[in-house]
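User: Could you take me through this model and say what stands behind each label you use?

Analyst: Happy to; here is the structure, and then we can go label by label.

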Amino acid sequence: MTVLVTGGAGYIGSHTVVALQDAGQQVVIFDDLSNSSERAVDAVRALVGSDVAFVRGDAADTDMVSQTIVEYGVDAIVHFAAFKSVSESMERPMDYFVNNMGSLFGVVKAMGLTGTRRLIFSSSCAVYGEPKDVPVTEASATTAASPYGWTKLHGEQFLEQMALAGELDVMILRYFNPVGAHPSGAIGEDPRGMSSNLVPLLMQVALGHHDRLRVFGSDYNTPDGSPVRDYLHVLDLAEGHVAALAALSSGSGCTTLNIGTGRGYSVLQVVAAAEQVLQRRIPLELVDRRPGDVACIWAQTDLAADVLGWTATRDLTKMLEDHWRWQKAHPDGFGAL
Ligand code: NAD
Ligand code: WQD
């Protein structure tokens, strides 16, 4: 099978390209490098030992995506290409609506023009907003709590309609909180600009780039007062895509799945685990809650286990060890090389 991976130079995309290549699939990376570097593509090529094809372009460009599908004989598409920051989406909503919906429409239109049916769509636990109950199941209530969340929720609904119309076979994967890196330390999360996520930030504190980690909220209704999330190793997530592609080959219609570990850790538990792994103290400051944050969310993962035969296997220690190996080797991401 030849798989087009839009956003394949990014964090989750690059790990998924490696997992797909390891599983024997041919891959074409399609990325405009708006939040990544061509050095990630080089690192992926070095890691898998083959010259993975790379096309630089905007996924909203239907002609370019169509040409790529035809040129490489693409059988299925994993669509990661999108902007991904909740807070940035509140500051620049129009950029998020245009890029995230434009790239999705561009890809799906190209699929129609070329007769390509199989699509995996990156959705997010953001579609659950503040859940009433945890763990959340795929049937839990959804809401558009931010422009970013809106693009994921409405992206899902658009794809459900396309599948219902018989145009596509789709797997919608709702990722929880991916962390970690490839165990080689050769690829990892390398955003343009500053990350707003917990694990990259706490490791930047450990590296001395910041003097302390601000813990956003210590008065939540959780065991230690800090918010609880379902952290997931990025390689488990990548392998989930390999399983989803296999399932998509034998199924049709539209299936929506939570992709998490099924267990939650609080911010303070993550910090304590990181202090063990890094063998150093992380200075903390307890500050006000971050606007828009939910208290607690983790996934019910039974459906993914049933449909994909996939469950996450790597624990929090492994996530932190692998993330640290990458971040220590690349304190400024690929940019410093
Ligand atoms: P990322 O920013 O590292 O990767 C996204 C990639 O897409 C980047 O390489 C970027 O250059 C590219 N891109 C963006 N717009 C594009 C366009 N119009 N055309 C071509 N390329 C484009 O992000 P990530 O963390 O790897 O996330 C991948 C996907 O997973 C996104 O859709 C994101 O919304 C979703 N997701 C991420 C998380 C997370 O916490 N990282 C959680 C849930 C869902
Ligand atoms: C985790 C916890 C923060 C930084 C985001 C998106 C979600 C999905 C996954 C895309 C929270 C706390 C963080 C810091 C802190 N992405 N924190 N100090 O917000 O759970 O989820 O990524 O789809 O949609 O919202 O992840 O890593 O930013 O935060 O205390 O400096 O760490 O308050 O409780 P989040 P995160």
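User: What makes the place of serine 103 a helix?

Analyst: Serine 103 sits in α5, residues 93-114; a helix here is a DSSP run of H or I with at least four residues, a strand a run of E with at least two, numbered from the N terminus. This is a predicted model, where local features need pLDDT of at least 70, side-chain atom pairs count only at pLDDT 80 or more, and totals for chains, interfaces and linings use all residues. Side-chain values use heavy atoms, without hydrogens and water.

User: Why does serine 103 count as buried?

Analyst: Its relative accessibility is 2%, so serine 103 counts as buried. The term means under 20% relative accessible area, with exposed over 50% and partly exposed in between (1.4 Å probe, protein chains only).

User: Which residues is serine 103 in contact with, leaving aside neighbours within four places in sequence?

Analyst: They are Ala59, Ala60, His79, Ala81 and Val98, contact being heavy atoms within 4.5 Å.

User: What makes β8 stand out around ligand 2?

Analyst: β8 gives the most to the shell, with 4 residues. The shell has 12 nonpolar, 4 polar and 5 charged residues. Ala, Val, Leu, Ile, Met, Phe, Trp, Tyr, Cys and Pro count as nonpolar, Asp, Glu, Lys and Arg as charged, and the others, Gly among them, as polar.

Technical notes. Residues numbered from 1 in each chain as written. Chains lettered and ligands numbered in written order.
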